[in-house]
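The structure is shown below.

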Amino acid sequence: MHRLSVARQHGAYEMLQKALTMEPAQVVELVKASGLRGHGGAGFSASLKWSFVPKDKFPRYVIVNADESEPGTFKDRLILERDPHALLEGALICAWAVQAEAIYIYIRGEYFYPTKIVNQAIEEARANGLLGERILGSDFTCNAHTHPGAGMYICGEETGLIESLEGKKGQPRFKPPYYPAAIGLWQVPTIVNNVETLAAVPWVFRLGPEEFAALGTPKNGGTCLFSLSGCVNNPGVYELPMGFPLDGLIHNLGGGILENRKLKAVIPGGSSSPILTAKEARGIRLDFESVAAAGSMLGSAAVMVVDETISIPRLLLWVLRFYAHESCGQCTQCREGTGWMLRLCKQLLEGKGKSRDLDDLYEIADAVDGTTICAFGPAVAWPTKSYLKKFRHEFEALVRE
Amino acid sequence: MNGIPQGLEQKANEIILRYPPEHRNAALVPVLFEAQKSLGYLSPEVEAWAASTLGVTPVRVREVISFYSMMRREPAGKYHIMFCHNVACSMRGAESLQRYLESKLGIAAGEVTQDGLFSLAAVECLGACGWGPAMLVGEEQYFQLTQEKIDKILDELRQGRMPAGDSPTPLIGNVGLPTE
């Protein structure tokens, strides 16, 4: 499937051909009717983003966000490695819809093998008239290039990614005014979409927007790739309808908890999402609204399963180690706060904690929440606050005095 | 130019063509990445060369190198190991496996073996959480690590052979029809 000849036997690029016979505005309308939402983490409507491009500003660019670095998330890797032409086709349809002249596929530096496969796919597409001048005999000209990241979580944030692509430190920009659709790469209109989002676009055309939408729930069109990891028997990537029951994913498809242990908690949307206790997680459905109603978020649909043998303070240490390492350093409260929280958590686990450390930990998390340029602040605050609130007894048990 | 790996100049010129001519400095990260691939690290000579080739200030080059965790200004081992110790891998025993790997290599994370063969970095998430514990050796990816699998990989590397990686990534997920 990663070779063009095989992909074309399965209909690759037929939907691009169809899109090229439509007006760009019609393409946006069609995707709008499908209810396709971004699979990068925020769940923002894909077509709405496309429609924000100002009418008279050129050139324009499409960026594929293949930085996939939210811990627990590993689904885009499979698309890059196994179905890169679906991604290229979707990105080209998007580029036609917004009249972009080039596509940059920003792939995290650690993805050496996926990058190799995508580069191969680009070469094949170029050699067969699917990229470059006058694509498929139309008037549309568009190129695609990969661009490597070099190991920074924050470059998955769309404005951080743009800074990085411009050859700088990937420190996020203020929004407003820097909404990429209006002021993006090199200050021109830029659409940044996740790999999975764009790879779904050909399916919107193939099935038709109504049938695509009907796969999911009313506000969540289509299917979703769930990354299942942690203490389950069959971790992996599962493509399921939006709104699929969490219990079914863990106990049925996932094969249940390792060694028949008891479920303690679930992190439903990547390491940034608030934790759900086993009780809170029971019976919920996996779509953006349902997970939010349960007190967390679907995020990048990275479901991490925590069993009874995992200590929550230890889990917090792993999470904080990550955020302290990845803070880009731009905002003081995040740069200093993440390191401070990590030190407090370490002290607790080393048996040197005081009871006021728990309050400090919570207060620092609170101070970082919502006060930073980008969403990194909440991304570290939410897990920290939810672990402390819901599993306070485990933290208290570590306090000496 | 002295100290610039052969072929790098040409490679850089190819990369620059991906960007509009007025934005050639966008090639900075990919060019440094290529330089590190061929030299093993980013030397002061490479920094100066990258700055003049791409028309940016030397301080901008240094700033970028210090920002990205995969870039280094010190030589690594012939085989650079990036071992994941993030959340999902740690839930599957990555921490004790890291200690095992360190004892086998005789170094701690962040160090290079005396013979220069191996260097080890404990890293934050390789995007392989369903197949953890996971690591990269150079550009090769290895998943579902156990002590035995690590032994095998190190043995082959010591004999100068690069063991086949887990590419493409396996599909562990059950492919049956969704049932509720």
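In this predicted model, A:Arg206 sits over the face of A:Trp203, at 4.8 Å from the ring centre.

**Aromatic pairs**

Over all chains, the structure holds 16 aromatic pairs. Two of them are set out in the table.

| Ring pair | Centre distance | Plane angle | Class |
|---|---|---|---|
| A:Phe44 and A:Phe52 | 6.3 Å | 45 degrees | tilted |
| A:Phe112 and B:Phe33 | 6.1 Å | 10 degrees | stacked |

The pair of A:Phe44 and A:Phe52 is tilted because its planes stand at 45 degrees, and planes under 30 degrees apart count as stacked while those over 60 count as edge-to-face. A:Phe44 is partly exposed, with a relative accessible area of 39%. A:Phe52 also counts as partly exposed, at 45% relative accessibility.

For A:Phe112 and B:Phe33 the planes are at 10 degrees, so the pair is stacked. A:Phe112 belongs to helix H7 (residues 112-127) of chain A and B:Phe33 to helix H2 (residues 28-39) of chain B, so this pair joins two chains.

**Sheet and domains of chain B**

Chain B is divided into domain 1, covering 6-67, and domain 2, covering 79-172. The centres of domain 1 of chain B and domain 2 of chain B, taken over C-alpha atoms, are separated by 29 Å.

Chain B has an open sheet of four strands in the order E2-E1-E3-E4, and the pairing is mixed. Strand E2 (118-123) and strand E4 (140-142) of chain B are the edge strands, each pairing on one side only. From one strand to the next, the twist averages 20 degrees.

Helix H6 (residues 94-105) of chain B packs on this sheet and touches E1, E2 and E3 of chain B. The direction of helix H6 of chain B makes about 160 degrees with that of E1(B).

Within the sheet, strand E1 (residues 79-84) and strand E3 (residues 135-137) of chain B run antiparallel and are joined by three bridges. Which residue stands opposite B:Met82 in E3(B)? That position is taken by B:Leu136.

Methods: Residues numbered from 1 in each chain as written. Chains lettered and ligands numbered in written order. Predicted model: local features only at pLDDT ≥ 70, side-chain atom pairs only at ≥ 80, totals over all residues. Heavy atoms only, no water. Pairing = 2+ DSSP bridges. Axes fitted to C-alpha atoms, helices over the stretch in contact; angles between N-to-C directions. Contact = heavy atoms within 4.5 Å. Domains from an automatic or database assignment. Phe/Tyr/Trp six-rings, centres within 6.5 Å; stacked < 30°, edge-to-face > 60°. Buried < 20%, exposed > 50% of the residue type's maximum accessible area, 1.4 Å probe, protein only. Lys NZ or Arg CZ within 6 Å of the ring centre and 35° of its normal.
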